[in-house]
Amino acid sequence: AWVTTGELSRGHVNHTSELITVKAVKETKMRIYPQGTLLMAMYGQGKTRGTVAILEIDAAVNQACAAITVKDGKSKFLFYQLKNSYQDIRKLSNTGNQENLNADIIKTYQVPWAPDEEQERISTILTTQDKVIELKEKQLTGKQRQKKYLMQQLLTGKKRLPGFAFEVEKTNIKAISTYSVSTISQTMLESYEGKQLYPVFNANSIAGHVDFYENECPYISIIKDGAGIGRVRLCEAKSSTIGTMGCIHARKGISIIFLYYLLEQVDFNKYSNGSTIPHLYYKDYSCEKVRIPDIKEQAAIAEVLSTADREIELLQQDIEQEKQKKKALMQLLLMGIVRVKI
């Protein structure tokens, strides 16, 4: 197995996407690190630098990883200490054209060190919390797959809900929607600070408020160019957008929520234009053929998919709460603020 820094984000390495031959190991005299070795990413301007993981298999590592062998099997406790110190360790990076860590920095970094039995108990508590998070993340993945399956079945007519059996013809997106463009810069947004407020919609979430864009509501926002191109969001209140987005409105007799789910499953990549800054044109993707049942079946399908979305959202919130709980536990236990009785 050959470990790269990109595989440390999971916190444990039990498989790798790349392999190294026995011949290469012998010829280069490369060291194979045993299970229980800690690995830390030395390079990376994003989140990678300072990331730490535990090896759960014997493996070789590339030069961007520092391998830390822990005496007496204390790797779990040190793993959590280094993970808790992630931001502090990143700040110790060398300055220059690229901020990097090195072995000397890691060797001299000090962490609180509890007695052996207390280390074991702390590690057990944090490992249990990790397992809770991992279980809920698996449940989330299952819910997301289930929603994707429902969309594929219901929106294409492969599966019909009870009470709906008549034939449905296909049309295109242009026949069931209208289009407009919204462009608002961050500077414009800031200039309206303190005035009457409406929700402001950006690429990911509610980001602020503004009062100068009153689109017909509800509508669907699709990122038209740049980062996140083709990302679809449903705006159910008077909203504004940061950046350039296409605003899709449903024609009479079309459920806006049903239209949202239709657009959510469109492969916008095949309609993307431009190499430097990719962009979308409504005239291109609006030709996509879609199946449009009557308004009652649209509403029934939208309700099934909305229920799936609500379940996903609740599970995501639950996972975030568990992560915050773990973060608090790490701070309290690893820094000795709260001591575990032996």
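**Sheet, pocket and salt bridges in a predicted model**

Student: Which residue in strand 4 is the bridge partner of His12?
Tutor: This is a predicted model. His12 belongs to strand 2 (residues 12-13), which pairs with strand 4 (residues 52-55) in the parallel sense over two bridges. In strand 4, His12 has as its bridge partner Ile54.

Student: What is the strand order of the open sheet of four strands?
Tutor: Strand 2 pairs with strand 4 in the parallel sense. Strand 3 runs antiparallel to strand 4. The pairing in the open sheet is mixed, and its order is 2-4-3-6.

Student: Which strands stand at the edges?
Tutor: The sheet order is 2-4-3-6. An edge strand here has a single partner strand, so one side is left without a neighbour in the sheet. The strands in that position are strand 2 and strand 6 (65-68).

Student: What is the volume of the largest pocket?
Tutor: Rolling a probe the size of a water molecule over the atoms shows where empty space is left. The lining of the largest pocket takes in 35 residues. The volume of this pocket is about 1200 Å³.

Student: Which lining residues lie nearest the centre of the largest pocket?
Tutor: The elements giving two or more residues to the lining are strand 4, helix 2 (75-84), helix 3 (86-91), helix 5 (116-154) and helix 10. Of the 35 lining residues, those nearest the centre are Ser9, Lys83, Asp130, Lys326 and Met330.

Student: How many residues apart are Asp318 and Lys136?
Tutor: Side chains of opposite charge can pair when their charged atoms come close. Asp318 and Lys136 form a salt bridge, with the closest N and O atoms 2.8 Å apart. Asp318 is in helix 10 and Lys136 in helix 5, so the pair links distant parts of the chain; the separation is 182 residues.

Student: Is Lys136 buried or exposed?
Tutor: Asp318, its salt-bridge partner, is partly exposed at a relative accessible area of 24%. The cut-off for buried is under 20% relative accessible area. Lys136 has 17% relative accessibility, so it counts as buried.

Student: Which parts of the structure does the salt bridge of Asp309 and Lys147 tie together?
Tutor: The side chains of Asp309 and Lys147 meet at 2.9 Å, N to O. The two parts are 162 residues apart in sequence. Lys147 lies in helix 5 and Asp309 in helix 10, so the parts tied together are helix 5 and helix 10.

Student: Which residue is linked with Lys147 and Asp309 in a network of salt bridges?
Tutor: A search of the whole structure finds 13 salt bridges. Among them is the pair of Asp309 and Lys147. The network takes in both of these and Glu264.

Student: How many of the nine residues of helix 8 are buried?
Tutor: Helix 8 covers residues 256-264 and is largely enclosed by the rest of the structure. Its buried residues include Phe258, Tyr260 and Tyr261. The buried count in helix 8 is seven.

Student: How far apart are the closest N and O atoms of Asp284 and Lys283?
Tutor: Asp284 counts as partly exposed at 23% relative accessibility. Lys283 is exposed, with a relative accessible area of 57%. The two form a salt bridge, and the closest N and O atoms are apart by 3.3 Å.

Student: What accessible area do the residues of the nonpolar surface patch have together?
Tutor: The patch is formed by Leu332, Met335, Ile337 and Val338. Ile337 lies in the segment after helix 10 (295-334). Ile337 is exposed, with a relative accessible area of 55%. The accessible area of the patch residues together is about 330 Å².

Student: What phi does Lys29 have?
Tutor: Lys29 sits in the loop between helix 1 (22-28) and strand 3. Lys29 counts as exposed, at 76% relative accessibility. Although Lys29 is not a glycine, its phi is positive, at about 55°.

How values were computed. Residues numbered from 1 in each chain as written. Predicted model: local features only at pLDDT ≥ 70, side-chain atom pairs only at ≥ 80, totals over all residues. Heavy atoms only, no water. Patch = residues over 30% accessible without salt bridge, like charges linked within 9 Å, V, L, I, M, F, W, Y side chains within 5 Å. Areas by Shrake-Rupley, 256 points an atom, 1.4 Å probe, with all protein chains shown as cover. Salt bridge = Lys/Arg side-chain N within 4 Å of Asp/Glu carboxyl O. Buried < 20%, exposed > 50% of the residue type's maximum accessible area, 1.4 Å probe, protein only. Pairing = 2+ DSSP bridges. 1 Å grid on protein atoms, 1.4 Å probe; cavity = no way out; pocket = protein on both sides within 12 Å on 5 of 7 lines; lining within 4 Å. Points joined across faces, edges and corners; volume = space filled by probe spheres on them.
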